[in-house]
Amino acid sequence: MAGKEAKARIKINKLLEEAGWRFFDTPEGKANVLLENHIKMTEQEINKLGENFENTKKGYVDFLLLDEEGFPLVVLEAKAEDKDPLFGKEQARKYARSLGCRFVILSNGNIHYFWDLDRGNPHLISHFPTLEAIKGYAEFKPDKELLINEIVNEDYIVLTQKPDYKNDPSYLDEKTRNEYITNNKLRFLRKYQLMAIRALQEAVKEGKDRFLFEMATGTGKTLLSAAVIKLFLRTGNARRVLFLVDRIELENQAYKAFSEYLKNDYTIVIYKQNRDDWRKAEIVISTIQTLLSKNRYKRVFSPDDFDLVISDEAHRSIGGNHRAVFEYFIGYKLGLTATPKNYLKNIDITQLRENDPRQLERRLLLDTYKTFGCESGEPTFRYSLIDGVKDGFLVNPVVIDARTEITTQLLSDSGYSVIIQNEDGEEIIETFLPKDFEKRFFSDNTNRALCRAFLENAERDPISGEIGKTIIYCISQSHAAKITQILNEMAEQYFPGKYQSDFAIQITSNITDAQQFAINFANNNLSGSGNFDPAYKTSKTRVCVTVGMMTTGYDCPDILNLCLMRPIYSPNEFIQIKGRGTRKYNFTKDLTDLQRRKELGDIEKKYFKLFDFFANCEYFEEKFQYDQVLKLPIIRDRYRQTEEIENVISENIDEYHSQKSDDILTLEQKAIGTEGMKIDRMYFQKFEQKVIQIPDIRKKAEEGRWDEIIEYVEKNILNKPEDYFTLEKLRKAIQIDRRITMREILEKILGFIPYFKTRQELLEEEFNKFDSQYLPDEQYFEYAKTVFKAYILDDEFRKIIDSKDFTSLNLSPYGEAFRRLPPELKKAIPEYIKDYVSLNKFIA
């Protein structure tokens, strides 16, 4: 068995050859592109060197990559497979400086970093860059001093929109200035946006190349992004910028905004609409999904194609597989987020399972800050909702907490219980929780109670007096259909003849033209306008009922009501939904009668109502000061049950349709915690404390002495009578879908990994490594992925392939995918997995 160092070198050699780094003689004929002589040995010869392979290097550079003329171009510092490549950072810097190289690659054969010594820090890369990519990057010589010293004033964007605006008579005249600004859609930067840019310039001055703006929804992150883009392009610190979003509607919205702000100076394109000529543009906009599809980003782009990458809603754009796209490019990185890191400050993380939505959200938030160089928890710049409200740019909600008898019981830790008599005559107690509402537990009376509570307490439009524009968030598309029908029925009772079943419209992905409906609602012409007042151009449809389409990035500033008719477990989603109502709005601008508009003056939105029917505010903020608590209308039912638990006969316990009248419940139930989970978490915490106390453990870990650490834990901590820690009990406490190794547990405790990856995450990670090496054609991509995962997870399929019993593929669900692969991939996938992938970590 080759030593870990030797294995790493063999892998690196293959990766270099796959990236096109071939052997080139220098003009003197003295060296070749791979300077380290040992790499030219056979694997058998390398095996003889054993674990002390590094002792044979005699101070030589591990790998020196040369240009076509034989001159040093890149220093590659290699580390053993079990060592962090960053351990060789300073050594590589010294070699690079002495050889006159600007670029460094750090690698252990599995993890790789690319480092431009002139531009800051090493960046994680998925595969080695080609010689052509390095040459293109070398030709780009940014001057960060120009960026740092660029003067950015409030008219920075306006000078691109209309360079001579200051000389226009309509602007010079104070009486017509505001109208001139409005008619020409001129966008001046606000004070806090200027502060954000200066914070970024200061960060660049400090040598940073990653930045994070934490800004509340509605504070103009897109306008600020345009200013940052102009700053980088204008000062020559970027040739091309990539703006990443995670939804199609945000892609179109960003294109529209950037075109309005910057089209006079720069070319802006949406990648999928300009696949053949995107290189002509300075600003490229794309959804992360477009680039991730079949790992297109690796096939279409080079790592140096974008010198600035901006990630909108950064915590989602870098989550899971999305991170691979983001990290692939080696330029400056700017993340935008509306979710503050401390949003989960009231949640006891010891109570959370690894797959708990709050735990997942917490991991994403922590990872976001770390990714953008803000490990301390302080972003490059922060501007909160509180700041926006205080400065008069945003408005706060009036929160309406409303709970029915059924939803109150659903929300309790004991849940809502019914006695069900099954087909064998046995009585079974079935308990439902909030997550079961409109999934396994159904109650039409509850839905009607929620709709009536909304209609009777909704904020009214200040001009027409009708129900203010509203978005309702439901649990599912079928739930949205029910709520839409109920609201339209009730609207006919409340407003006879005013609506023809268009008071509420469902906007979900299964509705034809749903995207256009959302746009029309924002533009105040959904189903027409001026229903109550012909001179007032507000949408006839007053309520959009959705699930998730109108959350992130949906811009409709005249929203007056938001309704949460479902529980929300993601703090980011909660903040994004709440953010749909925080923008200010002047309602009189929608009046076509100018005289009336003048008489009324400005009528600004001062607040909006947030109807919280599932205690979401309480869930996230234990000390939230509710502004209004109301009682829901009681629905009378002569068949009302008096028992605490409903008693029914049913053969289907997967779904339960309640006929119980849903009255208001004023008594507050005592919360009962899940003690078993708490005990499990305390068990793991106690083990953590024991591990941290091991003498010199961090130093040993940093030096890669994991075998020594594991041996100490097994001898001195595991299976001792005082605590009786065992690996199996620790695995049970972690509650993940695969067998965690002791090495992973220790890495997590010592902070070497942020969390335990699920089996699916590991599968994606391993396949991405394979894909980076082999880059199968797009037509084979999904088949290769299916076969790769199946070979790892399915014992029967693996036996068929290894034994070449291909006739048995007819019985395998993965047989067709395997048949469609070309011969080279049929051979490469099992060979790669045998060489590089440990199957043990995928065992459940």
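C556 is buried, with a relative accessible area of 1%. Here buried means under 20% relative accessible area, exposed means over 50%, and partly exposed lies in between, with a 1.4 Å probe and protein chains only. The model is predicted: local features need pLDDT of at least 70, side-chain atom pairs count only at pLDDT 80 or more, and totals for chains, interfaces and linings use all residues. Residues are numbered from 1 along each chain as its sequence is written, and side-chain values use heavy atoms, with hydrogens and water left out.

## Cysteines

The sulfur of C556 has its closest cysteine sulfur in C544, at 7.6 Å, which is too far for a bond. C474 is likewise a buried residue, with a relative accessible area of 0%. For the sulfur of C474, the closest cysteine sulfur belongs to C451, and the 7.9 Å between them is too far for a bond. The structure has zero disulfides, a disulfide being a pair of cysteine sulfur atoms within 2.5 Å.

## Overall make-up

The protein contains 34 helices and 24 strands. Both are DSSP runs numbered from the N terminus: helices are H or I with at least four residues, and strands are E with at least two. Of the 844 residues, 54% are buried. Contacts (heavy atoms within 4.5 Å) were taken between residues at least 6 apart in sequence, and 71% of these join residues at least 24 apart. The exposed surface comes to about 38800 Å², of which carbon and sulfur atoms supply 47%. Accessible areas come from the Shrake-Rupley method with a 1.4 Å probe, and for residues only the protein chains shown count as cover.

Seven strands form an open sheet in the order β8-β9-β7-β10-β11-β6-β12, and their pairing is parallel. At its edges are β8 (268–270) and β12 (381–383), each of which pairs on one side only. From one strand to the next the twist averages 15°. Two strands count as paired if DSSP finds at least two bridges between them.

Within the sheet, β7 (residues 241–245) and β9 (residues 283–287) pair in the parallel sense over five bridges. L244 is placed opposite S286 of β9. Helix α11 (residues 248–262) lies across β7, β8 and β9 and runs at about 165° to β9. Axes are lines fitted to C-alpha atoms, for helices over the stretch in contact, and angles run from 0 to 180 degrees between N-to-C directions.

## Salt bridges

A salt bridge is a side-chain nitrogen of Lys or Arg within 4 Å of a carboxyl oxygen of Asp or Glu. By this rule there are 42 salt bridges. One of them joins K135 and E68, with the closest N and O atoms 2.8 Å apart. This pair links distant parts of the chain, 67 residues apart: K135 is in helix α4 (residues 131–139), and E68 is in the loop between β1 (63–66) and β2 (72–78).

D401 and R403 form another salt bridge, at 3.1 Å between the closest N and O atoms. Both D401 and R403 are buried.

A further salt bridge joins E728 and R739, where the closest N and O atoms are 3.8 Å apart. This pair too links distant parts of the chain, eleven residues apart, with E728 in helix α28 (residues 727–734) and R739 in the loop between α28 and α29 (742–749). The table lists the accessibility of partners from two of these bridges.

| Residue | Relative accessible area | Class |
|---|---|---|
| K135 | 27% | partly exposed |
| E68 | 43% | partly exposed |
| E728 | 45% | partly exposed |
| R739 | 32% | partly exposed |

## Helix α29

Six of the eight residues of α29 are buried, so this helix is largely enclosed by the rest of the structure. The buried residues are M742, E744, I745, L746, E747 and I749. After α29 comes G751, which has a positive phi near 85°.

## Positive phi outside glycine

D696 is not a glycine, yet its phi is positive, at about 60°. D696 sits in the loop between α25 (675–692) and α26 (697–702), and with 53% relative accessibility D696 counts as exposed.

L775, also not a glycine, has a positive phi of about 40°. L775 belongs to the loop between α30 (759–774) and α31 (778–793). The relative accessible area of L775 is 33%, so L775 is partly exposed.
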